[in-house]
Amino acid sequence: MMSKERKLKTLKNILLHIFLLIAVLISVFPFYWMLSGATNSSVDITSGVMWFGKNLKENWTQLQETANVFLVCWNTIKTTLLYTFLSILICAMAGYGFEKYRSKGKNIVYAMFLLSMMIPFSAQMIPLFKMASRANMLDSHAAIILPTIAMPFLVFFFRQSFQSYPTELIEAARVDGAGEFRIFFHLVMLPMKSTFAAAAIYAFMKQWNNYLWPLIVIQSNEKKTFTLLLSSLASAYYVDYGQLMLAIVLATLPIIIVFLTMQKQFVEGIVGSSK
């Protein structure tokens with residue numbers, strides 16, 4: 001016979017597993033609905049059909065007629081990869097400089113830099129738009145990438161990570177005659193791959209999902225990204241939910257693939273920066 005305490009523990013485990021199963025189903029359901037909706041017609045989706053249909057090819061054909069999906073995909077990939085690479089490079093070097101170089105006013109500059117995180121983007125849009133206009137960058141991908149490339153959060157993230165890197169190794173490399181760029185790219189970056197991977201995922205997801213700023217500076221259909229395409233599909237006079245669901249699937253898959261392939265490095269980088 002099972003003791004009373006053992007029965008109570010078993011009951012708690014069963015209830016816990018039931019709760020976790022319900023939480024998983026609630027979390028997975030939007031993805032299932034998105035995938036099934038991409039294979040159904042707009043009428044089926046609005047009527048509440050939840051199983052997979054046979055309209056995937058038709059939805060793809062209609063989506064191709066509405067917009068050049070391959071061009072939109074290329075625009076999004078190009079801007080996202082360039083933004084991720086440049087943002088990581090600039091923010092990593094800034095965080096490294098704030099942490100490893102000595103200067104009287106660096107803490108004041110760093111504090112002011114972090115205070116900029118408190119300014120909402122809505123308050124920065126007009127000045128940024130005027131700067132982009134005066135630089136003749138409107139309706140270009142450079143206007144999407146350059147104005148927001150230096151992210152205060154990533155600078156903070158890299159500086160916290162560089163605190164755990166031994167300064168003695170940097171000083172020893174300087175004594176051996178290594179230049180500052182060689183120290184940074186060969187001695188510092190390689191052992192901190194997890195930190196850079198975590199920052200890359202953050203920057204990639206931020207730019208891939210960027211909507212408000214591209215909406216302001218992009219004016220032609222040839223320069224649109226996925227977020228602008230989804231917005232135009234969702235705000236049309238007649239919303240074809242089959243097309244919309246298929247476009248959402250195409251826009252979501254790269255983020256899922258990047259996160260799943262770099263999940264281990266992301267967790268290691270986040271944990272390492274918080275120590």
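The buried residues of α13 are covered by several elements, including α3 (56-66), α4 (69-100), α11, α12 (212-217) and α14 (241-261). Helices here are DSSP runs of H or I with at least four residues, numbered from the N terminus. Helix α13 itself spans residues 226-234, and its buried residues are F226, T227, L228, L229, L230 and L233. Buried means under 20% relative accessible area, exposed means over 50%, and partly exposed is in between, with a 1.4 Å probe and protein chains only.

A word on the source. This is a predicted model, in which local features need pLDDT of at least 70 and side-chain atom pairs count only at pLDDT 80 or more, while totals for chains, interfaces and linings use all residues. Residues are numbered from 1 along each chain as its sequence is written, and side-chain values use heavy atoms, with hydrogens and water left out.

Is S87 buried or exposed? S87 counts as buried because its relative accessibility is 0%. Leaving aside residues up to four places away in sequence, S87 touches A92, I149, M151 and L154; contact means heavy atoms within 4.5 Å.

Next, helix pairs. Two packed helices are described by the angle between their axes and the distance between the axes. The axes are lines fitted to C-alpha atoms, for helices over the stretch in contact, and angles run from 0 to 180 degrees between N-to-C directions. Under 35 degrees counts as roughly parallel, over 145 as roughly antiparallel, 65 to 115 as roughly perpendicular, and the rest as oblique.

Helix α4 packs against helix α10 (residues 180-188) at about 105°, with the axes 12 Å apart. The two are therefore roughly perpendicular. On the α4 side the contact uses L89, A92, M93 and Y96, and on the α10 side E180, F181, I183, F184, F185 and V188.

The second pair is α8 (residues 152-162) and α11 (residues 193-208), with an angle of about 170° and axes 11 Å apart. So α8 is roughly antiparallel to α11. Here F153, L154, F157, F158, S161 and F162 of α8 meet T195, F196, A198, A199, Y202 and A203 of α11.

Last, helix α1. I22 is in this helix, and I22 is partly exposed, at 46% relative accessible area. How far apart are I22 and E171? They are 149 residues apart in sequence and 54 Å apart in space, C-alpha to C-alpha. V28 also lies in α1, which covers residues 4-37, and V28 is partly exposed, with a relative accessible area of 46%.
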